[in-house]
Amino acid sequence: MRSFFNVFSNDLAIDLGTANTLVYAKGRGIVVSEPSIVAINKITNKVEAVGKEAKEMLGRTPGNIVAIRPMKDGVIADFEVTEKMLQHFIRKAHNGKSWVSPRVVIGVPGEITQVERRAVIDAANRARASEVYLVEEAMAAAIGAGLPITEPYGNMIVDVGGGTTDIAVFYDNIIRHTAVIPFGGNILTTDIQHGLMVMARQAEQLKTRFGKAIAEEASPNEIVSIPGIRNRTAKEISVKNLSSIIQARMEEIIEMAHTEIINSGYENRLAGGIVITGGGSQLSCLKQLVEYMTGMDTRIGYPNEHLGKSKLEAVKSPMYATAVGLVLSGFRSLDEREERYKDKSNQKQPVRVKKDKTASDFFSSILSKTKGLLIDDLDGKNEY
Ligand SMILES: Nc1ncnc2c1ncn2[C@@H]1O[C@H](COP(=O)(O)OP(=O)(O)OP(=O)(O)O)[C@@H](O)[C@H]1O
Ligand SMILES: [Mg+2]
């Protein structure tokens with residue numbers, strides 16, 4: 001049998017995310033890390049751009065070009081567009097060589113149906129993959145972040161993605177409980193956008209550069225200046241106010257995750273604690289907030305310890321845990337994997353936590369909690 005990722009390998013591991021798609025090639029590390037966006041010409045139905053380029057076209061495109069995010073809430077919402085995106089990224093990973101037909105391993109949400117699995121495999125085949133293997137994302141994230149899942153004690157992964165937060169409880173090498181919480185990092189950006197009356201791009205920057213999951217950790221004197229764009233006036237935003245908006249939403253997400261830990265029945269057996277991965281895990285002070293709210297040991301799942309030293313820099317981020325885990329778990333098919341974890345007697349059905357609050361309802365509740373703090377940032381007249 002051909003070993004996984006041999007020297008001349010063209011094989012790829014693909015983490016298809018709602019927010020970002022990552023492609024890892026052995027020996028080269030992360031070769032694609034781009035937003036999961038496709039720009040399509042409505043008249044000709046042709047793909048105009050994919051990834052970063054498509055994102056740049058957002059908002060400044062003529063009316064006949066629409067930007068589509070084919071993945072939604074952690075699942076594939078539009079198979080046709082996903083296929084085009086896969087095709088583009090696979091070709092890009094091989095520097096445009098269209099004759100290469102690689103073996104690919106793709107991370108998929110644990111709860112997708114047999115039909116959806118088939119559709120992902122077909123899409124990858126049509127995108128010139130020679131062999132396609134699917135691995136559950138939660139398993140990949142756990143392997144990438146180095147969770148000791150084979151130990152006879154409990155471990156838990158909380159993957160804070162863009163659209164969703166996926167949790168999985170492992171015990172004795174078996175996934176015992178999984179749940180999808182319908183909020184991830186993107187909703188924080190929306191909250192900030194509305195709460196501080198800034199544009200989406202500014203909100204994203206405020207979150208990633210200055211935001212904290214614990215407002216008290218921000219100094220009251222720390223102020224960020226936002227330049228005026230178009231007809232908006234420049235404004236000053238306090239990092240403390242910014243962080244209270246973030247904290248309110250993060251508390252809600254963690255509370256939902258905690259409920260799932262309790263529902264799993266493994267709450268008192270999680271000696272391995274909680275490992276947080278995904279882009280959202282990079283939020284400052286998140287580990288502390290999770291520890292505080294759950295009372296469990298928590299760490300951020302950096303994947304670097306599990307790879308050759310030379311690749312350290314390329315994959316250092318916990319955002320790459322899933323992609324790295326896909327590589328490490330290799331090309332065993334999902335079926336074989338299920339064979340191996342066949343003692344499923346104690347495994348519960350995956351849970352999809354319901355979206356019971358809309359962003360705007362929730363926002364009015366944080367607004368009332370943080371009104372006093374926010375007031376200095378609101379200058380009502382010229383925004384919205
Ligand atoms: N430094 C940072 N601080 C806080 N949030 C961040 C940071 N960097 C990225 N994010 C957030 O991480 C999220 C994207 O994470 P990731 O790439 O893991 O998602 P995904 O895998 O594409 O989504 P999903 O798992 O829901 O399909 C975005 O909401 C982004 O704003
Ligand atoms: Mg993800």
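Which residues of strand β16 are buried on one side, and which on the other? Ile 274 and Ile 276 are buried on one face of β16, residues 274–277. Val 275 and Thr 277 are buried on the other. Both faces are covered.

One caution before I go on. This is a predicted model.

Now, what pairs with β16? Strand β11, residues 154–160, pairs with β16 in the parallel sense, over four bridges. Met 156 has Ile 274 of β16 as its bridge partner. Strand β17, residues 298–300, also pairs with β16 in the parallel sense, over three bridges. There, Ile 276 has Ile 300 as its bridge partner.

Step back to the whole chain. We have eleven helices and 18 strands. There are 384 residues, and 44% of them count as buried. Take the contacts with a separation of 6 or more: 65% of them join residues 24 or more positions apart.

Next, the core. In soluble globular proteins, nonpolar side chains tend to be buried together. Here the largest nonpolar core has 99 residues. Tyr 24, Ile 106, Ala 124, Ala 142 and Ile 157 touch the most other members. Helix α7, residues 239–264, gives the largest share, ten residues.

Look at Ala 142. Leave aside its neighbours within four places in sequence. Ala 142 is then in contact with Leu 147, Ile 149, Ile 157, Ala 168, Phe 170 and Gly 325.

Gly 325 is one of the buried ones, and so are Ala 323, Leu 326 and Val 327, among others.

Ala 13 sits in strand β1, residues 12–16. Not counting residues up to four places away in sequence, Ala 13 touches Tyr 24, Val 105, Ala 323, Leu 326 and Val 327.

On to ligand 1. It has 22 residues around it. Gly 17, Thr 18, Gly 161, Gly 185 and Gly 279 come nearest. By class, the shell has 17 polar residues, three nonpolar and two charged. Domain 1 and domain 2 each supply at least three residues of the shell. Helices α5 (185–196) and α6 (200–210) each supply at least two.

Most residues other than glycine have a negative phi. Met 197 has a positive one, near 50°. Met 197 is in the loop between α5 and α6. Met 197 is buried, with 21 other C-beta atoms within 10 Å. Cys 285 also has a positive phi, near 70°. Cys 285 is in the loop between β16 and α8 (286–294). With 20 C-beta neighbours inside 10 Å, Cys 285 counts as buried too.

That brings us back to β16, where we began. Over to you.

Key:
Residues numbered from 1 in each chain as written. Chains lettered and ligands numbered in written order. Predicted model: local features only at pLDDT ≥ 70, side-chain atom pairs only at ≥ 80, totals over all residues. Near = placed C-beta within 6 Å. Nonpolar A, V, L, I, M, F, W, Y, C, P; charged D, E, K, R; others polar. Domains from an automatic or database assignment. Core = buried A, V, L, I, M, F, W, Y, C linked by C-beta atoms within 7 Å. Buried ≥ 20, exposed ≤ 12 C-beta atoms within 10 Å, placed from the backbone. Contact = placed C-beta atoms within 7 Å. Pairing = 2+ DSSP bridges.
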